[in-house]
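This briefing summarises the packing and the charged pairs of the structure shown below. Points are grouped by topic.

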Amino acid sequence: MSTGPRGGAPDGGRYGEAFFRPGQAGEGERIDFGALAYDDFTMARLRAIGAGPGWRCLDVGAGTGTVSGRLLEEAGVESVLAVDRDVRFLAELSLPGLDVLEADITAPDFVSGRFQLVHARFVLMHLPERDRVIRALAERVAPGGVLVLSDAVDLTSDRTPGTPYTEVMRAMWQGLRSTIGTAVDWVPSYPQMLRGAGLESVAAEIHVPPLLPGSAISRFWAETWERSRAAMIATGLVDDMAIDAAVRYLGSGECAAVSAGMLTVWGRRPDKDGG
């Protein structure tokens, strides 16, 4: 997924520029590994909140379009507007009801109209303007509609047993924060932020995919580390050998670790909208 402008990332970079460039070989496949790990869980939640026939949906930071496509083909929604700052992967899709918009979601009025579903996954964690963007996304929800946000939560801590995986994950989070501004420590505040944006019936859940040799999530992390290797080494917490050892660890039967979780939070706009 792509996000927005620089907007104050510590070293002036942003997701999709300094790291995770859409034009980099294999980036679409890396995104798809994440989709394989999380899409079933995402779709189960979207279906549970009612996404189905007649719904107009906005998929923000749509990436390779896996959620957009499944909303149309499986949930049978009326339409999906898939938005990304770089739409090269979305442009490859051709589905009835799918519209693609290349836009910066941090720009005022980046999209018009209201939708029964507004969805963003692994997007806001990369944006320094997250508070304002959440309020703006909430404004795009039609009365009775739902805003659904998902982002990563770091489950490593000082008490987590030291493994090659935890060592490298800590370096990754620190390196991405210092270079492109990625921050996940605020993600557990999502429920309060949605309430503050005027939404009701706010609830949350977390999904932690198992780290198994050859699994989609294990391959996603290995690819992510490779693309952010320079930022991780710059922290001084790891070197090339440590990263390589963590990749081998993920692919071995010795791996015994907890992946980062995906926190999903949703809230509904009141049927009678005072705004």
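In this predicted model, the side chain of Ser-259 makes a polar contact with the side chain of Trp-221, at 3.0 Å. Trp-221 is, together with Trp-225, among the residues with the most contacts inside the largest nonpolar core, which has 66 residues. A search of the whole structure also finds 14 salt bridges.

- Ser-259 is located in the loop that runs between helix H8 (240–250) and strand E7 (261–268).
- The relative accessibility of Ser-259 is 1%, so the residue counts as buried, the limit being under 20%.
- Beyond its neighbours within four places in sequence, Ser-259 is in contact with Tyr-38, Leu-155, Tyr-165, Val-208, Pro-209, Leu-211, Ile-217 and Trp-221.

**Nonpolar cores**

- The largest nonpolar core comprises 66 residues, and Trp-221 and Trp-225 have the most contacts inside it.
- Helix H4 (residues 164–180) gives the most to this core, contributing eight residues.
- When neighbours within four places in sequence are left aside, the contacts of Trp-225 are Tyr-165, Val-168, Met-169, Met-172, Met-232, Ile-243, Ala-246, Val-247 and Leu-250.
- Another core, of 21 residues, lies apart from it; Ala-62, Val-77, Val-146 and Val-148 are among its members.

**Ala-231 in helix H7**

- Ala-231 has its place in helix H7 and is buried, with a relative accessible area of 4%.
- Although Ala-231 and Met-172 are 59 residues apart in sequence, their C-alpha atoms are 7.3 Å apart in space.
- Ala-231 is in contact with Phe-19, Gly-175 and Thr-179, leaving aside neighbours within four places in sequence.

**Nonpolar surface patch**

- A nonpolar patch on the surface is formed by Leu-155, Ile-206, Val-208 and Val-258, which together have about 300 Å² of accessible area.

**Salt bridges**

- Side chains of opposite charge can pair when their charged atoms come close.
- Arg-70 and Asp-40 meet through their side chains in a salt bridge, with an N to O distance of 2.9 Å.
- Because Arg-70 lies in helix H2 (residues 66–75) and Asp-40 in helix H1 (residues 27–48), this pair ties together parts that are 30 residues apart in sequence.
- Asp-40 counts as exposed, at 54% relative accessibility.
- A salt bridge joins Arg-45 to Glu-205, whose closest N and O atoms are 2.6 Å apart.
- Arg-45 is in helix H1 and Glu-205 in strand E6, so this pair ties together parts that are 160 residues apart in sequence.
- Glu-205 counts as partly exposed, with 22% relative accessibility.
- The side chains of Arg-229 and Asp-244 form a further salt bridge (2.9 Å, N to O).
- This pair links distant parts of the chain, 15 residues apart, with Arg-229 in helix H7 (residues 229–234) and Asp-244 in helix H8.
- Arg-229 is buried at 13% relative accessible area, whereas Asp-244 is partly exposed at 31%.
- Glu-27, Arg-30, Glu-223 and Arg-227 are connected in a network of salt bridges.

Technical notes. Residues are numbered from 1 along each chain as its sequence is written. This is a predicted model: local features need pLDDT of at least 70, side-chain atom pairs count only at pLDDT 80 or more; totals for chains, interfaces and linings use all residues. Side-chain values use heavy atoms; hydrogens and water are left out. A nonpolar core is a set of buried Ala, Val, Leu, Ile, Met, Phe, Trp, Tyr and Cys residues joined through side-chain atoms within 4.5 Å. Buried means under 20% relative accessible area, exposed over 50%, partly exposed in between (1.4 Å probe, protein chains only). Helices (H or I, at least four residues) and strands (E, at least two) are DSSP runs, numbered from the N terminus. Contact means heavy atoms within 4.5 Å. Patches are made of residues with over 30% relative accessible area and no salt bridge: like charges are joined within 9 Å, nonpolar side chains (Val, Leu, Ile, Met, Phe, Trp, Tyr) within 5 Å. Accessible areas come from the Shrake-Rupley method with a 1.4 Å probe; for residues, only the protein chains shown count as cover. A salt bridge is a side-chain nitrogen of Lys or Arg within 4 Å of a carboxyl oxygen of Asp or Glu. A polar contact is a pair of N or O atoms within 3.5 Å; within protein, one must be able to donate a hydrogen and the other to accept it, and residues adjacent in sequence count only if both atoms are side-chain atoms.
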